[in-house]
Amino acid sequence: MLRVILGSVLVIITMLLVPSVEKALFFLPLIFALSVSLVNTDKLKLNKAMGIVLSVGQSYLVFLGLGIVIYFFDEWIQNITNGDSSELEGVALITIGGYLAALLLFYFHSFLFKVIDFKFSFWAISICHTLVVIVMFVFSKNEYLQFGVEKFPAYLISWCIFISLAYSISLNKELFYKSSKVLTSESQNA
C-alpha cells in the first residue's frame, strides 16, 4: 500500500520544502511527473531514464496546454457575459479543465506505462478528481477558484496530490486490491 500512496506523499513533502508557492507553480509539472514515474519505474514500457524524461515532457505540455486553453476560454466567457461572469463559471472552468487535463495526461502516460485496465483507471481518476473538488469546497471560505485569487495555486497543489494518487492506484491495481482486501478483512475481524 505504501507504493500506492508514495507518489502523493512525495508531492506533499516537496511542496512543504519549496519556500514559496509562486516558485512551486513552475515546478508542479516536474514534481507531478517525478512523483508518478519514479515510484512506478518498473511499470515503464521504455528505458527508465527515457521514460522519466518523456513523462516530465508530457506533464509540462499538458499543463501548458491547459493554461492556454483556460486563458482563452476565460476570455471567451468574459466576452459572452460582457464581463459579468459569476463565480460558478470560474468553478466550472477550472473543475472541467482539471478533469480533462488529468484524463489527457493519463492518455499520454498510457504510451509510457503499462496500464492494465483503462476502465478502472478512468474511475480512479474520476473519484480522485472529485476529492480535489470536495477538498477545495471544504477549505474554501467565500471564493472557490476565481482567477487572481490565492486559491488557484491551492487547487493545483491538491490536484497534483490526488491525481498522482489516482495514477498510482491505476498503475498498481493488483497491489491496491490486495491492500484493500487486507484492510477490509482486518476491520471485519476487529
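Helices (H or I, at least four residues) and strands (E, at least two) are DSSP runs, numbered from the N terminus. This is a predicted model: local features need pLDDT of at least 70, side-chain atom pairs count only at pLDDT 80 or more, and totals for chains, interfaces and linings use all residues. Residues are numbered from 1 along each chain as its sequence is written, and side-chain values use heavy atoms, leaving out hydrogens and water.

**Whole chain.** Show the cartoon. Seven helices and zero strands make up the chain. Of its 190 residues, 43% count as buried (under 20% relative accessible area, with exposed over 50% and partly exposed in between; 1.4 Å probe, protein chains only).

**Helix α1.** Select residues 2-17. These 16 residues reach 21 Å from first C-alpha to last, close to the 22 Å expected at 1.5 Å a residue (1.5 Å times one less than the number of residues). Now centre on Ser8: α1 has a kink of about 30 degrees there (the angle between axes fitted to the seven residues ending at a residue and the seven starting there). Ser8 is buried, along with Val4, Gly7, Val11 and Met15 of α1.

**Ser110.** Move to the loop between α4 (87-109) and α5 (118-139), where Ser110 is found. Is Ser110 buried or exposed? Ser110 counts as buried because its relative accessibility is 8%. Then show Lys45, Val115 and Phe118. Ser110 touches these three, not counting residues up to four places away in sequence (contact means heavy atoms within 4.5 Å).
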